[in-house]
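Thanks for coming, everyone. I'll walk you through one structure today. Please have a look at it first.

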Amino acid sequence: MSSGAEAENPSDQKRLMDATYGLHRHFYDLTRKFYLLGRDTMIRELDVPRGGSVLEVGCGTARNLIVAAKHWPDARFYGFDISDAMLTQARSSLGRKGLENKVTLAQADAGTFDVSSLFGLDKVDRIFMSYTISMIPPWQEAIERAAAQLAPGGSLHIVDFGQYERLPKLAKKLHYKSLNDFHVYPRRELPAVLKRVAEQHDMAMDFRSLWRGYTWRATLTKG
């Protein structure tokens, strides 16, 4: 598979992610902190109910789960990723932080995940996707599955690359090229897909374009 192409099925996507991040996982967090903007703000605004459950779709190295577990100490945390390489790094990171018993991890595909079979959960109070939508081919299916597995009053939180609406076209072209080299594809259809899912599940939608369109943030809340 050539650089810049998206995998066609979960098996191909798993191999692609393991190959791409098998080595890069060791310094992934150090490099990403400079341009994956808005993650910590999203985590601070999760408003997790006491004793509530929180799931990260595409947890990668577990960096976000570690931040969330520290900020919401009374919650229960879960995460999954399709990449074994990333999950190996995630388990190591959780062990170093003493959080291996507070965060439960699993290997799964975002397009078909089921919280019951993965974690023995009926529904989840909070689900978040941090710069995951742009990395997974079945991103629309992932949003639909997340919305369907929320508990009453639950919410889905998304932060990802926007479309650089108010930034120079050259900046978009150059940055998108660098993202595509790592199989990252910002989704211009995201607002329309979120609106459709919100209407289907009778959810309230809050959508924000931040930093001149560099970042898009969205929250879907179930009534």
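Helices here are DSSP runs of H or I with at least four residues, strands are runs of E with at least two, and both are numbered from the N terminus. By that count, the protein chain has 9 helices and 7 strands.

A word on the source. This is a predicted model, where local features need pLDDT of at least 70, side-chain atom pairs count only at pLDDT 80 or more, and totals for chains, interfaces and linings use all residues. Residues are numbered from 1 along each chain as its sequence is written, and side-chain values use heavy atoms, with hydrogens and water left out.

Now the overall picture. I'll call a residue buried under 20% relative accessible area, exposed over 50%, and partly exposed in between, with a 1.4 Å probe and protein chains only. Of the 223 residues in the protein chain, 52% are buried. The accessible surface of the chain is about 10,300 Å², and carbon and sulfur atoms hold 52% of that surface. Those areas come from the Shrake-Rupley method with a 1.4 Å probe, and for residues only the protein chains shown count as cover.

Next, contacts, meaning heavy atoms within 4.5 Å. Take the contacts in the chain between residues at least 6 apart in sequence: 74% of them join residues at least 24 apart.

Let's zoom in on Ser-53. It sits in strand 1, residues 53-57. Which residues does Ser-53 contact, leaving aside neighbours within four places in sequence? Arg-76, Tyr-78, Lys-123, Val-124, Asp-125 and Arg-126. Ser-53 counts as buried because its relative accessible area is 2%.

On to the aromatics. Rings of Phe, Tyr and Trp (for Trp, the six-membered ring) pair if their centres lie within 6.5 Å; planes under 30 degrees apart are stacked, over 60 edge-to-face, and the rest tilted. How many aromatic pairs does this rule give? The count is 7. One of them is Phe-80 with Phe-113, a tilted pair at 4.9 Å centre to centre, with 35 degrees between the planes. This pair links distant parts of the chain, 33 residues apart. Phe-80 is in strand 2 (residues 76-81), and Phe-113 is in the loop between strand 3 (103-107) and helix 6 (115-119).

Tyr-164 is buried at 5%, and Tyr-214 counts as buried at 13%.

Now charges. Side chains of opposite charge can pair when their charged atoms come close. A salt bridge here is a side-chain nitrogen of Lys or Arg within 4 Å of a carboxyl oxygen of Asp or Glu. The whole structure holds 6 of these salt bridges. Among them is Arg-50 with Asp-74, whose closest N and O atoms are 2.7 Å apart. Arg-50 lies in the loop between helix 3 (39-44) and strand 1, Asp-74 in the loop between helix 4 (63-71) and strand 2, and 24 residues separate them. Arg-50 is exposed at 73%, whereas Asp-74 is partly exposed at 43%.

Arg-196 and Glu-144 also meet in a salt bridge, at 2.9 Å, N to O. Arg-196 is in helix 9 (residues 190-200) and Glu-144 in helix 7 (residues 139-148), so this pair ties together parts 52 residues apart in sequence. Arg-196 is partly exposed, at 28%. Glu-144 is partly exposed as well, at 26%.

Last stop, helix 9. Which of its residues are buried? Leu-190, Val-193, Leu-194, Val-197 and Ala-198. They cover an arc of only 135 degrees around the axis, so they lie on the same side of helix 9. That arc is taken from the directions from the helix axis to the C-beta atoms. The buried residues pack against helix 7, strand 5, strand 6 and strand 7. On the face turned away from the buried side, helix 9 carries the exposed residues Ala-192, Glu-199 and Gln-200. After helix 9 comes Asp-202, with a positive phi near 55 degrees.
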